[in-house]
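The sequence and structure come before the details.

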Amino acid sequence: MPVVAVAVNERELRHTVCPGVFRLGLAPVVTDQQIRSAVTSVLADSRLRAEMSQTSRAAVDGKGAR
């Protein structure tokens, strides 16, 4: 599933980059317009959504915390 993400704190910026995630940065500096633009871009591009979906699914084993 494609994701547009905004980090809430500095620690979240250090997380491993996850496939299928469009990272915008730290919340206090990300503007509403940047969020709208990212979401609009993802929604408008079916190939991008399919690629994000495929890469995120490939990164997960489906076994949860086990």
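## Overall layout

The model is a predicted one. Its secondary structure consists of three helices and two strands, and these follow one another along the sequence in the pattern β-α-β-α-α. The C-alpha trace spans about 35 × 30 × 15 Å along its principal axes.

The protein has 66 residues, and 14% of them count as buried.

## The largest pocket

How much space lies in the largest pocket? The value is about 190 Å³. A total of 13 residues line this pocket, and those that lie nearest its centre are A5, E12, H15, V21 and R23.

Three elements each supply at least two residues of the lining: strand β1 (3–7), helix α1 (10–13) and strand β2 (21–26). Of the elements, β2 gives the most, with four residues. Sorted by class, the lining of the largest pocket holds eight nonpolar residues, three polar ones and two charged ones.

## L26 in strand β2

Strand β2, which contributes to the pocket lining, is also the place of L26. Is L26 buried or exposed? The relative accessibility of L26 is 16%; because the cut-off for buried is under 20%, L26 counts as buried.

In sequence, L26 and N9 are 17 residues apart. In space, the distance between the two is 6.5 Å, taken from C-alpha to C-alpha.

## A nonpolar surface patch

Which residues form a nonpolar patch on the surface? The patch is made up of I35, V39 and L43. Together, these residues have about 240 Å² of accessible area.

V39 belongs to helix α2, which covers residues 32–44. The relative accessible area of V39 is 34%. Buried residues are under 20% and exposed ones over 50%, so V39 falls in between and is partly exposed. The patch definition asks for over 30% relative accessible area, and V39, at 34%, is therefore over that cut-off as well.

## Summary of the sites

The largest pocket draws on β1, α1 and β2 for its lining, and the nonpolar patch consists of I35, V39 and L43.

Notes:
Residues numbered from 1 in each chain as written. Predicted model: local features only at pLDDT ≥ 70, side-chain atom pairs only at ≥ 80, totals over all residues. Heavy atoms only, no water. Patch = residues over 30% accessible without salt bridge, like charges linked within 9 Å, V, L, I, M, F, W, Y side chains within 5 Å. Areas by Shrake-Rupley, 256 points an atom, 1.4 Å probe, with all protein chains shown as cover. Salt bridge = Lys/Arg side-chain N within 4 Å of Asp/Glu carboxyl O. Buried < 20%, exposed > 50% of the residue type's maximum accessible area, 1.4 Å probe, protein only. 1 Å grid on protein atoms, 1.4 Å probe; cavity = no way out; pocket = protein on both sides within 12 Å on 5 of 7 lines; lining within 4 Å. Points joined across faces, edges and corners; volume = space filled by probe spheres on them. Nonpolar A, V, L, I, M, F, W, Y, C, P; charged D, E, K, R; others polar.
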